[in-house]
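Dear colleague,

I am passing on the structure we spoke about, and below it you will find my notes on what turned up. Please read them with the structure open beside you.

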Amino acid sequence: MRASKNVRILVDTIYYLLPALGNIGALLLLMMLIYAILGMNLFAEVKHQKYINETANFGGVLPALNILVRCAIGQDWPFFMAELADRNIPGCRVCNDLIF
C-alpha cells in the first residue's frame with residue numbers, strides 16, 4: 001500500500017513537470033535556431049571537406065542544426081572547429097575574409 005502511494009507521488013510529479021520541460025525544450029530550440037542562422041551568415045560558403053559535407057554544413061537551417069546538435073552532444077566537435085578555423089583551404093572564398 002505504501003509503495004503504491006510513493007509511485008503515485010512520482011507519477012504526479014512527472015505529470016506536473018512535463019509542461020516545464022516543454023518550455024525548456026522550446027527555449028533550447030529557439031537558441032539553436034538563432035545560432036544556426038548566425039552560422040549560416042558566417043560560414044555558408046565554407047568549402048565541404050570530411051566533416052563539413054553535404055549533410056552537415058551551414059548552407060541551410062537543417063544542416064546547420066545538424067552541426068549544432070552534434071557539437072552540443074560532443075560528437076566530432078573538435079573536427080568541425082578545426083575545419084571551420086582552417087584558413088589554408090584551396091578554393092575557399094570565405095576562409096581569408098574571416099577575422100579571428
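A residue counts as lining a pocket if it has an atom within 4 Å of one of the pocket's grid points. With that in hand, helix 1 gives the most to the lining of the largest pocket, namely six residues. Please bear in mind throughout that this is a predicted model.

The overall fold first. The protein chain has three helices and zero strands, and its pattern, read along the sequence, is α-α-α. Of its 100 residues, 25% count as buried, and the chain exposes about 7500 Å², of which carbon and sulfur atoms supply 68%. Among the contacts between residues at least 6 apart in sequence, 50% join residues at least 24 apart.

To return to the largest pocket, its volume is about 230 Å³, and 13 residues line it, those closest to its centre being Tyr 35, Phe 43, Phe 58, Ile 67 and Leu 68. Although helix 1 is the main contributor, helix 1, helix 2 and helix 3 each supply at least two residues of the lining.

The structure holds four aromatic pairs, and in one of them Phe 43 and Phe 58 are tilted, at 5.7 Å centre to centre with 45° between the planes. Phe 43 lies in helix 1 (residues 2-43), whereas Phe 58 belongs to the loop between helix 1 and helix 2 (61-72), so the pair ties together parts that are 15 residues apart in sequence.

Tyr 51 sits in the loop between helix 1 and helix 2 and Phe 79 in helix 3 (residues 77-85), so here the parts tied together are 28 residues apart in sequence. In this pair Tyr 51 is buried, with a relative accessible area of 18%, while Phe 79 is partly exposed at 41%. Together with Phe 80, Tyr 51 and Phe 79 form one aromatic cluster.

Which residues of helix 2 are buried? They are Ala 64, Leu 65, Ile 67, Leu 68 and Arg 70, and the buried residues of this helix pack against helix 1 and helix 3. As background to that spacing, an α-helix has 3.6 residues a turn, so residues three or four places apart point the same way. Helix 2 itself has twelve residues and reaches 16 Å from its first C-alpha to its last, which is close to the 16 Å expected at 1.5 Å a residue. Just after helix 2, Gly 74 takes a positive phi of about 90°.

The C-alpha atoms of Leu 29 and Leu 65 are separated by 9.5 Å, although the two residues are 36 apart along the chain, and Leu 65 is one of the buried residues of helix 2.

With best regards

Notes: Residues numbered from 1 in each chain as written. Predicted model: local features only at pLDDT ≥ 70, side-chain atom pairs only at ≥ 80, totals over all residues. Heavy atoms only, no water. Phe/Tyr/Trp six-rings, centres within 6.5 Å; stacked < 30°, edge-to-face > 60°. Helix = DSSP H or I, 4+ residues; strand = E, 2+ residues; numbered from the N terminus. Buried < 20%, exposed > 50% of the residue type's maximum accessible area, 1.4 Å probe, protein only. Contact = heavy atoms within 4.5 Å. Areas by Shrake-Rupley, 256 points an atom, 1.4 Å probe, with all protein chains shown as cover. Expected span 1.5 Å × (residues − 1). 1 Å grid on protein atoms, 1.4 Å probe; cavity = no way out; pocket = protein on both sides within 12 Å on 5 of 7 lines; lining within 4 Å. Points joined across faces, edges and corners; volume = space filled by probe spheres on them.
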